[in-house]
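Welcome, and thanks for taking a look at this chain.

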Amino acid sequence: MERIKRRDGYRCTMVYETSGRCRSRGTDVDHIIPGDDHSDDNLRLLCRWCHLKKSAREGGQAAALKRVRTERPPSTHPALED
């Protein structure tokens, strides 16, 4: 993905919540929206640290969606039951 690296000036394009931009050298081409869209509009260059952080966040969100949520009945003490 040399064209994405050239387009982004070989710099990480991550913008932090504080509106500051990462100043590291870009190494990883990232999908902005996960999936099979490999168009240039959906790709950007990130440094290794920003890419790992973003991937971990997306993985945690995906795992949370797969978790089975069950509600347990409130437990009571046997001596308090009628």
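Helices (H or I, at least four residues) and strands (E, at least two) are DSSP runs, numbered from the N terminus. Ala-63, for instance, is found in helix α2, which covers residues 48-66. This is a predicted model, in which local features need pLDDT of at least 70 and side-chain atom pairs count only at pLDDT 80 or more, while totals for chains, interfaces and linings use all residues. Residues are numbered from 1 along each chain as its sequence is written, and side-chain values use heavy atoms, with hydrogens and water left out.

**The whole chain**

The chain has two helices and two strands, and from the N terminus on their order is α-β-β-α. Its C-alpha trace spans about 75 × 30 × 20 Å along the principal axes. The radius of gyration is taken over C-alpha atoms, and the globule rule is 2.2 Å times the number of residues to the power 0.38. For a compact globule of 82 residues the radius would be near 12 Å, but the chain has 22 Å.

The accessible surface comes to about 6,900 Å², and 53% of this belongs to carbon and sulfur atoms; such areas come from the Shrake-Rupley method with a 1.4 Å probe, and for residues only the protein chains shown count as cover. Buried means under 20% relative accessible area, exposed over 50%, and partly exposed in between (1.4 Å probe, protein chains only). Of the 82 residues, 22% count as buried.

Contact means heavy atoms within 4.5 Å. Among contacts between residues at least 6 apart in sequence, 37% join residues at least 24 apart.

**The core**

A nonpolar core is a set of buried Ala, Val, Leu, Ile, Met, Phe, Trp, Tyr and Cys residues joined through side-chain atoms within 4.5 Å. The largest one here has six residues: Cys-12, Met-14, Cys-22, Leu-46, Cys-47 and Cys-50. Leaving aside residues up to four places away in sequence, Cys-50 touches Cys-12, Met-14, Tyr-16 and Cys-22.

| Residue | Relative accessibility | Class |
|---|---|---|
| Thr-13 | 18% | buried |
| Val-29 | 25% | partly exposed |
| Ala-63 | 35% | partly exposed |
| Tyr-10 | 38% | partly exposed |

Thr-13 lies in the loop between α1 (2-7) and β1 (28-31). Not counting residues up to four places away in sequence, Thr-13 touches Asp-8, Arg-21, Arg-44, Leu-45 and Leu-46. Tyr-10 also has its place in the loop between α1 and β1. Tyr-10 is not a glycine, although its phi is positive, at about 60 degrees.

Val-29 belongs to strand β1. With residues up to four places away in sequence left out, Val-29 touches Met-1, Ile-4, Leu-43, Arg-44, Leu-45 and His-51. Val-29 and Cys-47 are 18 residues apart along the chain, and their C-alpha atoms are separated by 8.7 Å.
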